[in-house]
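Could we walk through a structure together, one feature at a time?

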Amino acid sequence: MSQSQQANYDDNNIFAKMLTGDIPYHKVYEDDKTLAFMDIMPQAKGHVLVIPKQKAVDLADLESEYAAAVLATSQKVMAAQRKVFEREGVIQMQLNGAQAGQTVFHYHIHLLPSSIHELGRHAVTQADSSELAAIAKQLAEAIAAQ
């Protein structure tokens with residue numbers, strides 16, 4: 001991480017708190033370098049976020065090994081989304097900085113089994129937790145079956 005970004009990383013951001021176990025979440029997949037979980041304010045049904053287990057605000061801060069791990073986890077999640085939601089199209093979105101619309105300043109990729117023309121607004125409506133839990137379980141089972 002660059003010196004400027006390291007100084008800007010907030011250890012109290014919601015994703016950092018998820019990684020330390022301080023905030024509950026609906027896990028889809030986890031390995032030693034990444035965590036994939038349901039977005040609680042989804043823009044589409046099945047909206048998953050993939051984060052590195054590294055303190056990185058945006059792509060410029062991400063070490064190569066973590067970037068590769070995030071992409072590998074994203075591939076697993078996308079395959080599961082395609083199976084569970086029976087669709088080919090999955091939007092991959094990654095926002096760098098507030099001006100681009102980033103709202104949590106820990107690097108993350110959005111994976112949305114939807115069409116760009118059908119998306120809801122970002123970070124507006126919170127989803128039902130039991131529905132997220134059920135979807136997370138389906139996706140996790142699909143990943144385990146890969």
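Q: What should I keep in mind before reading?
A: This is a predicted model, where local features need pLDDT of at least 70, side-chain atom pairs count only at pLDDT 80 or more, and totals for chains, interfaces and linings use all residues. Residues are numbered from 1 along each chain as its sequence is written, and side-chain values use heavy atoms, leaving out hydrogens and water.

Q: In which sense do β1 and β2 pair?
A: Strands are DSSP runs (E, at least two residues; helices are H or I, at least four), numbered from the N terminus, and two strands pair if DSSP finds at least two bridges between them. Here β1 (residues 27-30) and β2 (residues 34-38) are antiparallel, with three bridges. They form a hairpin with three residues between them, and Glu30 sits opposite Leu35 in β2.

Q: Which helix is Gln81 in?
A: Gln81 belongs to α3 (residues 64-85).

Q: Is Gln81 buried or exposed?
A: Buried means under 20% relative accessible area, exposed over 50%, and partly exposed in between (1.4 Å probe, protein chains only). Gln81 has 0% relative accessibility, so it counts as buried.

Q: What does Gln81 touch?
A: Contact means heavy atoms within 4.5 Å. Leaving aside residues up to four places away in sequence, Gln81 touches Gly46, Val48, Glu86, Val90, Leu111, Leu112, Pro113 and Leu139. The side chain of Gln81 also reaches the backbone oxygen of Leu111 at 3.0 Å.

How values were computed: A polar contact is a pair of N or O atoms within 3.5 Å; within protein, one must be able to donate a hydrogen and the other to accept it, and residues adjacent in sequence count only if both atoms are side-chain atoms.
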